[in-house]
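I opened the model and kept notes as I went. Each entry records what I looked up and what I found.

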Amino acid sequence: MISSLATRILCCSLLLFVGSRLTQAQSLIEFGRWDTVAVFGEGGEAMNNPWTGGLTAPQFSAGDLDGDGVQDLFVFDRSGHRILPFQGCPSAVPESPMTYLYRPDWRNAFPEGIQNWALLRDANCDDVPDLFHNSQSGFRIWYGETTNDLVAYPEAPSTNVFGNWDFGTGDQQLPLICLNTDIPALDDFDGDGDLDMVTWTETSSTLYAYTGRGATEGSVGCGDTLIWDVTNRCFGMLNEATENNDLFIGEDHTCGFNVADPRLELRARIQHHASCRGHRGPVGARWRWTP
Ligand SMILES: [Ca+2]
Ligand SMILES: [Ca+2]
Ligand SMILES: [Ca+2]
Ligand SMILES: [Ca+2]
């Protein structure tokens, strides 16, 4: 009996001792990022950003993230939903290309939980990049501010972005479409100062055109509020087959359903810039609308 009791006391003492040592050891362990080890290519040249981790399905955006007047690089990798910011570093040698430094410490500037696609654009022309990203079958915008020499997105959007849809009875405010499998073409295509967008429709068969209303509303071209009209559901007179990758253009194109008066663009003369430098997003071409 005494022997059994002594054994129990000894076991408990050992457990308490081991437990306290483990707790002490755990409190001393700290993990940190160590990416100062240089890595060299086969030719012996030092590699830039060797510890970035690789990119699988990246989407690239330019934007001045730290407000120093130099364009930085925002990368969103659809695979893993990763955000990778890079600081733009001008070369000290004239006419030498700019390099980029991976800044994982800037990641916390961006909202969490972004999936599928994310692009930076300046939606309100304050020279601070705003964040567009997928949300269900639409998208949201976070407006940026520069605080402490780094962009911040303090105010979460409460809804997806809405636009004006006219089906023949006047404007209706409805959510804009941009599927999670898509990446929109997002730029000022008509050159009037505000952002426009071209993206695939719900069935990925034709293209929506969203046209910024800023200039036509009498506000500044790129106003403090981004207002979009859905100006075409069959933009570019092309549609893709549902079963395969066949593309129907021009006279072969069919448009079963559209918004009212889509000829706002169809009447316009569309110039197709075929140069590779004109490629933008999923549309694979650069469009210019000329009245
Ligand atoms: Ca910068
Ligand atoms: Ca902005
Ligand atoms: Ca525009
Ligand atoms: Ca406009």
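Entry 1: I started at Asp-77, which stands opposite Arg-82 in S3. This is a predicted model. One step along, I found Phe-76 opposite Ile-83 in S3. I then looked up the whole pairing. S2 and strand S3 (residues 82–89) run antiparallel and are joined by 5 bridges. The two strands form a hairpin, with 4 residues between them. I checked the turn and noted Gly-80, whose phi is positive at about 90°.

**Entry 2: the other partner of S2.** I went to strand S1 (residues 58–63) next. Strand S2 (residues 72–77) is joined to S1 by 6 bridges, and the two run antiparallel.

Entry 3: Which order do the strands take? I read S1-S2-S3-S4, an open sheet of 4 strands with antiparallel pairing. S1 and S4 are the edge strands, and each pairs on one side only.

Entry 4: I then looked at one pairing in detail. S5 pairs with strand S6 (residues 130–135) in the antiparallel sense over 4 bridges. Within it, I found Leu-120 opposite Leu-131 in S6.

**Entry 5: the loop between S4 and S5.** I looked up two asparagines in this loop. Asn-108 is found between strand S4 (99–102) and S5. Asn-116 lies in the loop between S4 and S5 as well. Is Asn-108 buried or exposed? I counted 12 other C-beta atoms within 10 Å, so Asn-108 is exposed. For Asn-116 the count is 20 other C-beta atoms within 10 Å, so this residue is buried. I also checked a distance from Asn-108.

**Entry 6: positive phi.** I noted that most residues other than glycine have a negative phi. Asn-116 has a positive value, near 75°. Met-237 also has a positive phi, near 50°. I placed Met-237 in the loop between strand S15 (228–232) and strand S16 (238–240). It has 19 C-beta neighbours inside 10 Å, so Met-237 counts as partly exposed.

**Entry 7: the largest nonpolar core.** Which residues touch the most other members of this core? I found Val-198, Tyr-208 and Tyr-210, in a core of 40 residues. Strand S14 (residues 207–212) gives the largest share of the core, 4 residues. Then I listed contacts of Tyr-208, leaving aside its neighbours within four places in sequence. They include Ile-177, Val-198, Val-230 and Phe-235. Thr-199, Thr-201, Asn-232 and Arg-233 are among them as well.

**Entry 8: the chain as a whole.** The protein chain has 2 helices and 19 strands. Of its 291 residues, 23% count as buried. Residues 24 or more positions apart account for 38% of them.

**Entry 9: confidence.** How high is the average pLDDT of the protein chain? I read 83, and 78% of the residues score at least 70. I flagged residues 265–291, over which pLDDT stays under 50. For that stretch the model has 39 contacts beyond four places in sequence.

Terms used:
Residues numbered from 1 in each chain as written. Chains lettered and ligands numbered in written order. Predicted model: local features only at pLDDT ≥ 70, side-chain atom pairs only at ≥ 80, totals over all residues. Contact = placed C-beta atoms within 7 Å. Pairing = 2+ DSSP bridges. Core = buried A, V, L, I, M, F, W, Y, C linked by C-beta atoms within 7 Å. pLDDT = per-residue confidence, 0-100.
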